[in-house]
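Dear colleague,

Please find below the structure that I am handing over to you. My notes on what was found in it follow directly after.

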Amino acid sequence: MYDDHYGLSGRPFQLTPDPAFWFDTATHKKAMAYLGYGVSQGEGFIVITGAPGAGKTTLVGHLMETIDPERLHVIKIVTTQVEAEDLLLMVAAGLNIDGTHLAKAQLLAAIEKQLHAVARQGRRTLLIADEAQALPLESLEELRMLSNFQAGGYPLLQIFLLGQPEFRARLSDPRLDQLRQRVIAMHALDPMGADELEPYLIHRLSCVGWRGKPRFTNDAVAAMYRWSGGIPRKVNLLAGRVLLLGAIEEITSFTGADVEAVIADLEGDLSGAMPPSAPARSAPVPAPPEVAQTAREALRREVSAPAAPAAAPAPAPAPVIDADLAARFAKLEARIEEQDAALRRVLTLMVDFIEVEDARPTRRGAAA
């Protein structure tokens, strides 16, 4: 779809993280400096936190592209309420150890042995745990114990923890005091600044062959920043929908009004508003026994009586439509025809897009 209308070679605002679209905002540059410092130290914990969509996964992907695999063995795990024993199994798997039938003591011994084997190859081992806010305290403590493995006074394992902002509060738990003492650097990813948004948009567009189309006016960029708050994933979500509108309506220069219209549609989609439910009915009050008996007898008489012939229905009066109502009907029909034409255009674009996608073996996405 974007290929035909904008002449781009891919989707610049895809939500799937892709380090190929890495953009150096001030906060991401600082985070990379902390990670680089941690790698150079070769010990302890580095903690990076940020709101959902702030770019933590993209940060890790960019770091992985800068790491020399001949010098560093990286184990990357995404944690979702992983208990301590399961976490050890994931670490073991990252070291090519099958620990499914090993007791915990045997599993720890196997992990330490393999860490020594990696060190003898002249490599260090780095463990990156994403979504660390989901880890139970026992699992975090298990990671601290793994960081105790040493050879000749040098640590065999270094650990990076990435999580959402609440992870900082979890680290303040007194039971994690020893882990906190081993954190050598900590950084919170902030949203990008208002002055960084336009360069961010241009950078991502340029990664897929942008030649000046589409473009965003200053008020369009300002509207995008107000809605997204500078969170990269929210920027990508909104920008992708704006480009979709442009492909449908054949727009190449977006104004603030265009962006606000997309925001209104997007908020309607995300609200999930349901029609108001019917008011709860109060429980019926039971009638006195003598009233109920009288009503039952009347009902029996009515049922047993012969049915009266149904009267012929009166002819319905002819509808009266004034000129104003007729005009409103005509306007509504015109809007329906316009929406139908727009839908046909969307379906045509989707078919074209799918055919182009099938014809190309590889296409790069965008990251949040």
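Is Lys 104 buried, partly exposed or exposed? With a relative accessible area of 38%, Lys 104 is partly exposed. Before I turn to its partner, please note that this is a predicted model.

**Overall picture**

The protein has 368 residues, and 39% of them count as buried. Its secondary structure consists of 14 helices and nine strands. When contacts between residues at least 6 apart in sequence are considered, 78% of them join residues at least 24 apart. The accessible surface amounts to about 21100 Å², and carbon and sulfur atoms account for 57% of that surface.

**Salt bridges**

The count of salt bridges comes to five; three of these are described here.

To return to Lys 104, this residue forms a salt bridge with Glu 142, and the closest N and O atoms are 3.0 Å apart. Glu 142 lies in helix α6 and Lys 104 in helix α5 (residues 104-120), so the pair ties together parts that are 38 residues apart in sequence. Helix α6 itself covers residues 137-146. While Lys 104 is partly exposed, Glu 142 is buried, with a relative accessible area of 9%. Because buried means under 20% relative accessible area, the 9% of Glu 142 places this residue in that class. Leaving aside residues up to four places away in sequence, Glu 142 touches Ala 84, Leu 88, Lys 104 and Leu 108.

A second salt bridge joins the side chains of Arg 144 and Glu 141, with an N to O distance of 2.4 Å. These two residues are three apart in helix α6, so about one helical turn separates them. Arg 144 is buried, at a relative accessible area of 5%, whereas Glu 141 is partly exposed, at 24%.

Glu 260 is partly exposed, with a relative accessible area of 36%, while Arg 226 is exposed, with 59%.

**A patch of negative charge**

On the surface, Glu 83, Glu 85, Asp 86 and Glu 138 gather in a patch of negative charge. Glu 85 counts as exposed, at 54% relative accessibility.

**The surroundings of Leu 201**

Leu 201 is found in helix α9, which spans residues 194-206. At 2% relative accessibility, Leu 201 counts as buried. Which residues does Leu 201 touch, not counting those up to four places away in sequence? They are Phe 13, Phe 216, Val 221, Met 224, Val 235 and Ala 239. For one of these, Phe 216, the C-alpha atom is separated by 9.0 Å from that of Leu 201, and the two residues are 15 apart along the chain.

**Backbone features**

The peptide bond from Lys 213 to Pro 214 is cis, and its omega is near 10°. Pro 214 is placed in the loop between α9 and β8 (215-216).

The other two places concern positive phi angles. Glu 131 is not a glycine, yet its phi is positive, at about 55°. Glu 131 lies in the loop between β3 (124-130) and α6, and is partly exposed, with a relative accessible area of 23%. Glu 250, likewise not a glycine, has a positive phi of about 60°. The loop that holds Glu 250 runs between α11 (232-249) and β9 (253-254). At 63% relative accessibility, Glu 250 counts as exposed.

With kind regards

Note on methods. Residues are numbered from 1 along each chain as its sequence is written. This is a predicted model: local features need pLDDT of at least 70, side-chain atom pairs count only at pLDDT 80 or more; totals for chains, interfaces and linings use all residues. Side-chain values use heavy atoms; hydrogens and water are left out. Helices (H or I, at least four residues) and strands (E, at least two) are DSSP runs, numbered from the N terminus. Buried means under 20% relative accessible area, exposed over 50%, partly exposed in between (1.4 Å probe, protein chains only). Contact means heavy atoms within 4.5 Å. Accessible areas come from the Shrake-Rupley method with a 1.4 Å probe; for residues, only the protein chains shown count as cover. Patches are made of residues with over 30% relative accessible area and no salt bridge: like charges are joined within 9 Å, nonpolar side chains (Val, Leu, Ile, Met, Phe, Trp, Tyr) within 5 Å. A salt bridge is a side-chain nitrogen of Lys or Arg within 4 Å of a carboxyl oxygen of Asp or Glu. Lys and Arg count as positive and Asp and Glu as negative; His and the chain ends are not counted. The place of a charge is taken as NZ of Lys, CZ of Arg, CG of Asp or CD of Glu.
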